Amino acid sequence: MEENHQEESTKNEKIEPEKNENGVQDSMNLDIASSSKGEVKISLTISSSLKSGLHIPCLAALFEQVEEHCLKSYEIPRNDFSMSKLMEEVCESFLIAGTISKYNEDVRTETVPAGEIVSNYPIKIIQIPKFVGSIGLDLSRCKIYLSETERSIFELATKTIFLQNHFTSDITNGQESNEISLINEVNEDQCPEFNYISKNIIYQNANVRFSLANISEKNCCSNCFGDCLSLRIPCNCAGKSDSEFAYAPGGVLKESFLENFVLGNDFAQKHNLFYCRDCPLERPNDTKLSVPCNGHITRKFIKECWIKCGCSFKCANRVVQRGITAKLQVFMTAERKGWGVRTLEEIPKGGFVCEYVGEVVTTKEQFGRDLRKNSGDSQTYSVLLDAGWSCKGILKDEDALCLDATVYGNVARFINHRCFDSNLVDIPVEVETPDHHYYRLAFFTKRKVNALEELTWDYGFDFNDNDFECRCGSKLCRDRKTSKRKLISP
């Protein structure tokens, strides 16, 4: 059935051989679209080097595949988009642009030799972005009369071509299991310069030890086999999560764990902070001054199985360490928030999105890096790893750590802040070491997140302590300065 449809589709398309100077066929032309009377055509040229063994695909199936890609990448309404219709409209619009004089006597037309660029037409109704393709046409100053439907379709066509220069198919350079694309539909900004890494890297004095000798029997499940979540009695690795696993089958967080974590996090932020006797964050300022600690949230950890555990790598208690599985995209936001991250598919409640990856540096080193940055010219992307400070007593400088994703980082560096009602929550995850001054910071969804919805998390800003202007758009925004600006703005 499928083969018959494919043969019929190919027969309907006209394939014409082309010959070189010696009369030898060296290529084929496959017409894929034309104007209503065939005056203008779009065709594919197939090189002779591909003739042997070349299978001409079904154009209907090919267009369907391209349509699916465009729908996901460019947020095009499904009911209004057809690739074949788009190609036909390009042909019709080409024809209109070339014969525009019959619609208006004031418009000058000229005969253009083959291969030259069409230009010098005055702007009248709409200005079309520059269209450069194999046909050698520049419509940047063309005057075109179109119906509303034709205009919508043609603007979509030119937008698609415009986006080719503002689209990167994979910012990870193949380091993640899924490609992560980047797209800018708002302005001329290019992808920021940084080095993509999929795992944290340790910088100089940061005290992080990944050693099997550092993992005791009580910190692993060496006697387990297969999938730990299938056990009737939770193993040692569940001990860090109140003697039950945080994950449910399928790699999502248990709803009870997620809700308790979010509620506990919100409560601690307001009522149950841990205060250091000698806070590492105050040491870089002036060692002679005694500055009181501003407080740190004590958080619950997820403990994942690791190398010393006897279970399979497919064990359901290994989620974060397997890396990103969601289909993500970096995009330029339209709300003056700069770059952001959205999902291209629905993510269930409690689903893992990504972890915050960067250089593991000491707070002292990070303080120095922040000072070296020129004010207003650049931005730092650092996260404090202070979730386990309450159990460490007085921390040494090399044990007080941050993740800095400014120069080396992953997709998480682009995730924007949102006050209170963000759709992500950051959870500390113990994988390689039981020393809680270092951990992985993982993002999970607090609710179901729909396809093409922006991903956000609460940075935990103290807006009274910095000049950051919050643009999160939440009705529960904590930045009173932003609220005042909205009230007094004209």
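Good morning. I begin with helix α6, residues 363-372, whose buried residues are T363, E365, Q366, G368 and R369. Buried here means under 20% relative accessible area, exposed over 50%, and partly exposed in between, with a 1.4 Å probe and protein chains only. Helices (H or I, at least four residues) and strands (E, at least two) are DSSP runs, numbered from the N terminus.

The model is a predicted one: local features need pLDDT of at least 70, side-chain atom pairs count only at pLDDT 80 or more, and totals for chains, interfaces and linings use all residues. Residues are numbered from 1 along each chain as its sequence is written, and side-chain values use heavy atoms, with hydrogens and water left out.

To return to α6, the cover over its buried residues includes β16 (358-362), β17 (382-384) and β18 (401-409). Contact means heavy atoms within 4.5 Å.

I turn to the cysteines. How many disulfides does a search of the whole structure find? The search finds zero, where a disulfide is a pair of cysteine sulfur atoms within 2.5 Å. For C235, the closest cysteine sulfur is that of C224, at 3.9 Å, which is too far for a bond. For C276, the closest is that of C293, at 4.0 Å, again too far for a bond. C235 is buried, at 12% relative accessible area, and C276 is buried, also at 12%.

Six strands form an open sheet with mixed pairing, in the order β4-β5-β13-β14-β22-β19. The edge strands, β4 (167-168) and β19 (416-417), each pair on one side only; two strands pair if DSSP finds at least two bridges between them. Strands β5 (181-183) and β13 (328-332) run parallel and are joined by three bridges, and I183 has F331 of β13 as its bridge partner.

In the loop between β13 and β14 (339-343) lies R336, a residue other than glycine with a positive phi of about 60°. R336 counts as exposed because its relative accessibility is 57%.
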